[in-house]
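Colleague: I would like a close look at a single part of this model, with the cut-offs stated as you go.

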Amino acid sequence: ESSENYLETILILSKSHPVVRSVDVAEELGFKKSSVSVAMKNLREREHITVTKEGYIYLTESGREIAEMIYERHQLLSAWL
């Protein structure tokens, strides 16, 4: 589930930021940068994200699909509540 939260956060940040970096994700979630770095490594290994040499994070097609599914679910729950 936490990887889904990371993917959703990357998606949300990408809508308001020109680029997304680990530090942006850490700030948004209130996590330590070291924790986010471990999570980003796992997401990269599962090919849900790519990270440029500058540290910019991009969702892959599979990562975007998961992120959008989670985002839509949260939107529906928020609207329902």
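Colleague: Which residues have the most contacts inside the largest nonpolar core, and how many residues does that core have?

Modeller: A word on the basis comes before the answer. This is a predicted model, in which local features need pLDDT of at least 70 and side-chain atom pairs count only at pLDDT 80 or more, while totals for chains, interfaces and linings use all residues. Residues are numbered from 1 along each chain as its sequence is written, and side-chain values use heavy atoms, with hydrogens and water left out.

The largest nonpolar core has 16 residues, and those with the most contacts inside it are Tyr6, Ile10, Val25, Met40, Ile49 and Leu59. A nonpolar core here is a set of buried Ala, Val, Leu, Ile, Met, Phe, Trp, Tyr and Cys residues joined through side-chain atoms within 4.5 Å, where buried means under 20% relative accessible area, exposed over 50% and partly exposed in between, using a 1.4 Å probe and protein chains only. Two or more residues of this core come from each of α1 (2-16), α2 (22-29), α3 (33-45) and β2 (57-59), the elements being DSSP runs numbered from the N terminus (helices H or I, at least four residues; strands E, at least two). Of these, α1 gives the most, with five residues. In soluble globular proteins, nonpolar side chains tend to be buried together.

The helix α1 has 15 residues and reaches 22 Å from its first C-alpha to its last, close to the 21 Å expected at 1.5 Å a residue, the expected span being 1.5 Å times one less than the number of residues. Its buried residues are Ser3, Tyr6, Leu7, Glu8, Thr9, Ile10, Leu11 and Leu13, and what covers them includes α2, α3, β1 (49-51), β2 and α4 (61-80). Leucine 59 touches Leu7, Ile10 and Leu11, and also His48, Ile49, Arg64 and Ala67, not counting residues up to four places away in sequence; contact means heavy atoms within 4.5 Å.

Charged pairs complete the picture, since a search of the whole structure finds four salt bridges, each a side-chain nitrogen of Lys or Arg within 4 Å of a carboxyl oxygen of Asp or Glu. One of them joins aspartate 24 and arginine 21 at 3.1 Å, N to O; aspartate 24 is buried, with a relative accessible area of 9%, whereas arginine 21 counts as partly exposed at 37%. Another joins lysine 41 to glutamate 45, with the closest N and O atoms 2.8 Å apart, and these two residues, four apart in helix α3, are separated by about one helical turn.
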